[in-house]
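Student: I would like to learn how to read a model like this one, feature by feature. Where do we begin?

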Number of protein chains: 2
Amino acid sequence: MTTEQQTRRIPPTLEEVAATAGVSRSTVSRVVNGSTQVSPEVLAAVTAAIEQLNYVPNRAARSLANRQTMAIALVVPEETTRFFGDPYFAAVVHGIAHAIESSDYVLNLQLASPFAPSAKMTKYLLGGNVDGAIVISHHSGDHFLATLGDTLPVVFGGRPLHPDEHNSYFVDVDNAAAAEMGTNHLIELGRKRIAIIAGPADMPAGMDRTDGWRRALQSAGLPQNLIVHGDFSMVSGARSMRELLDRDPELDAVFVASDLMATGAVSVLRERGRSIPGDVAVVGFDDSPAAIGGDIQLTTVHQPSMEMGEKMAEMLLRLLRGEPTEREWIMQTRMVMRESA
Amino acid sequence: MTTEQQTRRIPPTLEEVAATAGVSRSTVSRVVNGSTQVSPEVLAAVTAAIEQLNYVPNRAARSLANRQTMAIALVVPEETTRFFGDPYFAAVVHGIAHAIESSDYVLNLQLASPFAPSAKMTKYLLGGNVDGAIVISHHSGDHFLATLGDTLPVVFGGRPLHPDEHNSYFVDVDNAAAAEMGTNHLIELGRKRIAIIAGPADMPAGMDRTDGWRRALQSAGLPQNLIVHGDFSMVSGARSMRELLDRDPELDAVFVASDLMATGAVSVLRERGRSIPGDVAVVGFDDSPAAIGGDIQLTTVHQPSMEMGEKMAEMLLRLLRGEPTEREWIMQTRMVMRESA
DNA sequence: CTGAAAGCGCTTACAG
DNA sequence: CTGAAAGCGCTTACAG
């Protein structure tokens, strides 16, 4: 019989490092934690010992002693398919992961349903298992997440639904202004029947973009009746476009609250024989890979998704270090002109 | 000045539970860990105390004492955009998260580049920070991940590239047989010029599906010259389709190694005026949401992605518990007939 | 079935 | 600048 034993060598401890460096454990601890209160010679000796033994501090022991877990929860209150299906999230998570990468923290993935926080997650988040949390998108109705910030350092992606309800930290763009800009572009093109495929009505980003669209049309004295809500997915974009076309076959433009939905909308427009932007001009939102993945390159409102993720992580890191941090951080958007409008 | 102090109440300890229940710490520990060696009365008393104090065991202390981290690394050796862009991964991660959810483990997300393991990740994985790892997809060239299983319990999504190199645990489908089945469907349709948009040549799944396509054509005495490699992304599917069409404008079928690539291929086929499946029949692979998201519903080879994720997690959980586990687990595939072939 | 005691590997005042 | 000592909150043989 072959030896199935995994010879998992037991890792060296602080104690051993101290012994081989000929100093006390306190001193090793100091150099490991970058204290300046160490003489150059000792520093060198300890560093050498660490190197030699290939020492890595034990996370659990450290956490127990200093009451920090060095873990951050990445809470995703979205359906898995939506989370993974939207390039917007990819960019945000990329930014978060990138910013965390250069810290000592690790990211604990917490997939959650949009509304019901599981008992396990509640316990986990409140049970001292993480030092902080990043909540990647906002829905109303999730009171637990909304008030999580009272108990734990939390930064949100997107503004809270009720600004007065709690003092959240968050990063966002001015969704209303951005949507107004996108809609104005359509207006400047001379379009008169400008529809919107809006986001979910229970999400601030969804509501605000709708407001921006409305504002632009109002200023221009154009009708604001052509509105259908999607859920940010491609299929909902297609479904919404069909409904819009059925309601007004003569519409000549559509502002879509996400590029992914715009992709779905575009395929329906072509299916129905509309030329883009000739018959119908379309402006998307996000400037995600979805905007350039299809047959027709989308004109869209760019938001710096990856940078937003980075900023979210940076804010949380500052909070965790006790450094002063702005409560909200609003990033710039801009029009990106391509083929569809 | 308002009190900005976060009154973060300090959580109750085992000690306190013991005190209020009137027993020793050992006993509380036993009931917390589900030992049967406890009298009913004591069990009731302790349970009540836990309930009353809202006690949650301290993870760090526990880890330190029993040398388990209760954490599992979810290693994703893919570009972020690809990882998030492919519904296949969404399903796998969903399955993993679901299986882990009912355990006491948490999932540490480790986004990695396909080839270069970062120093931080290496340290993390090897530094005793996790009890095990799930590596979600396989590339050749990544020697570090390939041999990670020698040091840590690891289960892979997809077979290892060099079966002899190490005794990995993995779950997979028979990609070659599955691709052969898909290609045979095209052959039975009477198609004669059957191309393939293959996966990356450095991934077992890519290679095996190509082999299956080849095998089917060989058996049928059909030419195997129409092959182009994509990278499983939609845009690569589109690009590959263009190249294929340029090489043989008369091709009448294409087997595509993933639904996402098939989506890209379909849009190019329509762009070039080909009817589907009239002029060109297409068969995809995965049966992911991508297969039914587009204008034309894809006929495809179904693989049980979510179940594969669940199985991966279950295998790792068994390994961690020291329970006997099969080294490999091959799941069933099947044809799903829809519009495209 | 239950408890006293040692130990897990760190950090952190406190002296010096 | 450095060390001895206590303590973080658990688990786990070992007795009884």
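Tutor: Begin with a strand pairing. This is a predicted model. In chain B, E8(B) and strand E9 (residues 281-286) are joined by 3 bridges and run parallel. One partner pair is B:Phe255 with B:Val283 in E9(B).

Student: Which strand is joined to E8(B) by 4 bridges?

Tutor: Strand E6 (residues 194-198) of chain B, and this pairing is parallel. Here B:Ile197 has B:Val256 of E8(B) as its bridge partner.

Student: How do I read the side chains along a strand?

Tutor: In a regular strand, side chains alternate between the two faces of the sheet. Now take strand E8 (residues 253-256) of chain B. B:Ala253 and B:Phe255 point one way, B:Val254 and B:Val256 the other.

Student: Are those four residues of E8(B) buried or exposed?

Tutor: All are buried.

Student: Let us turn to the DNA. Which residues are closest to DNA strand D?

Tutor: 26 residues surround DNA strand D, and the closest are B:Leu14, B:Ser29, B:Asn58, B:Ala61 and B:Ala65. Next, ask which elements supply the surface. From chain A, helix H2 (25-32) and helix H4 (59-66) each supply at least two residues. H4(B) gives the most, with 5 residues.

Student: How many residues of that surface are nonpolar, polar and charged?

Tutor: The surface near DNA strand D has 11 nonpolar, 11 polar and 4 charged residues.

Student: How do I judge the overall form of a chain?

Tutor: Start with its elements, then its spread. Chain A has 14 helices and 12 strands. Its radius of gyration is 26 Å, well over the 20 Å that the globule rule gives for 341 residues, so chain A is more spread out than a compact globule. Its C-alpha atoms fill a box of roughly 85 × 55 × 40 Å along the principal axes. Buried residues are 49% of the 341.

Conventions: Residues are numbered from 1 along each chain as its sequence is written. Chains are lettered from A and ligands numbered from 1 in the order in which they are written. This is a predicted model: local features need pLDDT of at least 70, side-chain atom pairs count only at pLDDT 80 or more; totals for chains, interfaces and linings use all residues. A residue is near a molecule or strand if its C-beta atom, placed from the backbone, lies within 6 Å of it. Ala, Val, Leu, Ile, Met, Phe, Trp, Tyr, Cys and Pro count as nonpolar, Asp, Glu, Lys and Arg as charged, and the others, Gly among them, as polar. A residue is buried if 20 or more other C-beta atoms lie within 10 Å of its own, exposed if 12 or fewer, and partly exposed in between; C-beta atoms are placed from the backbone. Two strands pair if DSSP finds at least two bridges between them. The radius of gyration is taken over C-alpha atoms; the globule rule is 2.2 Å times the number of residues to the power 0.38.
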